[in-house]
Amino acid sequence: MTHRLILTVLAAAMTLLAPAQQKAPFWLGADISGTTEMESQGVRLTNSKGDIRENTALMKELGLNAVRLRVWVNPRNGWSGAQDVLEMAKRARYYGLAVMIDFHYSDWWADPGKQTIPAQWQYLKYDELKYQLGLHTEDVLRLLKDNGIDVKWVQVGNETTHGFLWPMGRAEDHMEQYAELTQTGYEAVKRVYPEAQVIVHLDGGCDPKRYDFIFDGLRKYGVHWDMIGLSVYPFWDVQAHLEPDWQGTVRDFAANIRHLYQKYGSECMVVETGAEAAKPDEGKRIMAAVIKAAREDCGGHCHGVFYWAPELEGSYPLGAFAHHRPTAIMDAFTEAAQLQKND
């Protein structure tokens, strides 16, 4: 046997003996951006046994493996500003939770109904606005990286179903400008975290038409993205008459993810979801169905499910806590995490 043949045989044997490649985790996460503000108000969270827990630690205890943190530009009192995000990211790092950063490009909430330009940017010309978007994105991410934070995903905008930074970046009126702003954010992310996955996030995950509108526009103008983020809220879909019941949302968001992969070649993730806190048993069934559909009915192209603000109570109906402790809704995540551990 020649020396080269021996090496070839040994290499083949090593390949056969090598352990199987570790399966990528399915991400079970939560947006807990409001944690520090709640703490400042004296709110103390507990686990199901009544033991006091810091929120990040509680999410870990519940089986989650990731958190999502929003960024506002110049927020009142600093909540969800760069330093606040860094504080929460350090906690996530301590507990071994992967980090998703969600840029709103606003001083406050941004969603399909409002995408308000930050106060300090309101009188800028378009090119100046684009520059500030890139600078802000890079500055926040640089702060995180300089402090040893590993960012796995970055959203360029929050629920940008109609674009962002209105009116300049309103998609229906200025698709090319919205596209350029999105590309600017993408490039800023890659300058700091080349391996991070850049997400473009829309609401109404059951409705493929709104996704086709945005992603046809982005593709037309040569924009890059790595992943599509979906909001999947059965409660709001029924309210908006998008679906007759929660089962319709579960069925149709999974179909949409298959569609998005087929049309754009895009991997996806449910970056926001929720159920009625006042109906915890039904909420658990809904969340279990959402997670199951994401894992099993999307052709392998959905990589996680994130609950939005589970700890939030009061005026917001879709939290997952009561009296500052998790309800049965969060059991859907705990059980899914255990199932994944046993796979």
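At what angle do α5 and α6 pack, and how far apart are their axes? Before I answer, a word on the basis: this is a predicted model, in which local features need pLDDT of at least 70, side-chain atom pairs count only at pLDDT 80 or more, and totals for chains, interfaces and linings use all residues. Residues are numbered from 1 along each chain as its sequence is written, and side-chain values use heavy atoms, with hydrogens and water left out.

α6 covers residues 175-192, and its 18 residues reach 26 Å from first C-alpha to last, close to the 26 Å expected at 1.5 Å a residue; the expected span is 1.5 Å times one less than the number of residues.

Among the buried residues of α6 are M175, Y178, L181, Y186 and V192, buried meaning under 20% relative accessible area with a 1.4 Å probe, protein chains only. The buried residues of α6 pack against α5, β6, β7 and α7, with contact meaning heavy atoms within 4.5 Å.

Now to the opening question. α5 and α6 pack at about 25°, their axes 9 Å apart; axes are lines fitted to C-alpha atoms over the stretch in contact, and angles run from 0 to 180 degrees between N-to-C directions. That makes α5 roughly parallel to α6, the term for angles under 35 degrees.

Residues of α5 including L133, T137 and L141 meet a set in α6 that includes L181, T184 and A188.

Notes:
Helices (H or I, at least four residues) and strands (E, at least two) are DSSP runs, numbered from the N terminus. Buried means under 20% relative accessible area, exposed over 50%, partly exposed in between (1.4 Å probe, protein chains only). Angles under 35 degrees count as roughly parallel, over 145 as roughly antiparallel, 65 to 115 as roughly perpendicular and the rest as oblique.
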